Amino acid sequence: LTNFHNVDTPAAAILIGPNGHFSQIVSNTIGPTPTDVRGLNSKYDSTHATNLWIEANRFQWTRDHTMGIDGWNITVTNNTFENTNGWDANICTASDTVFTHNTFTNVSNGGSPNHTDVIQVDAFSSTTEISTNVIFEANLVINCAGTQIGQLSGTPSTNTIGWWTFRNNVFI
């Protein structure tokens, strides 16, 4: 996907709006993106898209977080995330969500001052973010030196974050 004209914040090559329920994003190559443009983003709003299926996509050289997902009942499977260029591979403030059989390669800060994560909960700016019942399973993480596997944190008095499961992943 090229020729980005998305004016939403944060901008994304693929933007799923709050009413984008039951969307399927399948078999795309996304990137490289311009500065401050994510590969995929489900809209940060008081209403979230539900029942998303994100499969067999290749995200490469994004210039913001590769993917930001918000909502419920989301499956992220068989995708490739590579060369994140100083940003996190995934920002997840979603619940009842599964990340499975994905490959993460060269997720690193790329010399930027950012710390990088394979997956991170980003629940600091909103008082309504919930990220529960998330499974990160059977993923392959290769050559991600200096990168955290996951950061699960937020504002404790206002956010609900928990019941995350990491299992059967391979880290090389």
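Predicted model: local features only at pLDDT ≥ 70, side-chain atom pairs only at ≥ 80, totals over all residues.
Rings of Phe, Tyr and Trp count as a pair if their centres lie within 6.5 Å. With that cut-off in hand, I looked up the aromatics and found six aromatic pairs.

**Entry: rings**

I started with Phe 59 and Phe 81. Their ring centres are 5.0 Å apart and their planes are at 5°, so I wrote the pair down as stacked. Phe 59 sits in strand β6 (residues 58-60) and Phe 81 in strand β8 (residues 80-82), so this contact ties together parts that are 22 residues apart in sequence. Buried or exposed, I asked of Phe 59? Phe 59 is buried, at a relative accessible area of 1%. Phe 81 is buried too, at 0%.

Next I checked Trp 164 and Phe 166. They are also stacked, with 6.0 Å centre to centre and 25° between the planes. Trp 164 counts as buried at 12% relative accessibility, because the limit for buried is under 20%. Phe 166 comes out as partly exposed at 34%.

Which residues do the ring pairs link into a cluster? I listed Phe 59, Phe 81, Phe 99, Phe 104, Phe 136, Trp 164 and Phe 166.

**Entry: the sheet**

I then traced the strands. Six of them make an open sheet in the order β3-β6-β8-β10-β13-β16, with parallel pairing. The edges are β3 (29-30) and β16 (170-171), each of which pairs on one side only. Phe 104, one of the cluster residues, has Val 141 in β13 as its bridge partner. I looked at those strands as well: β10 (residues 103-105) and β13 (residues 140-142) run parallel and share three bridges.

**Entry: salt bridges**

How many salt bridges does a search of the whole structure find? I got three.

- Arg 38 and Asp 64 have their closest N and O atoms 3.4 Å apart. Arg 38 is in strand β4 (residues 37-42) and Asp 64 in the loop between β6 and β7 (67-77), 26 residues apart. I found both of them buried.
- Glu 82 and Arg 58 meet at 2.6 Å, N to O. Glu 82 lies in strand β8 and Arg 58 in strand β6, so this bridge ties together parts that are 24 residues apart in sequence. I noted Glu 82 as buried at 15% and Arg 58 as partly exposed at 40%.
- Glu 137 and Arg 167 have their closest N and O atoms 2.6 Å apart. Glu 137 is in strand β12 (residues 130-137) and Arg 167 in strand β15 (residues 160-167), 30 residues apart. Glu 137 is partly exposed at 21%, and Arg 167 is partly exposed at 37%.

Conventions:
Residues numbered from 1 in each chain as written. Heavy atoms only, no water. Pairing = 2+ DSSP bridges. Helix = DSSP H or I, 4+ residues; strand = E, 2+ residues; numbered from the N terminus. Phe/Tyr/Trp six-rings, centres within 6.5 Å; stacked < 30°, edge-to-face > 60°. Buried < 20%, exposed > 50% of the residue type's maximum accessible area, 1.4 Å probe, protein only. Salt bridge = Lys/Arg side-chain N within 4 Å of Asp/Glu carboxyl O.
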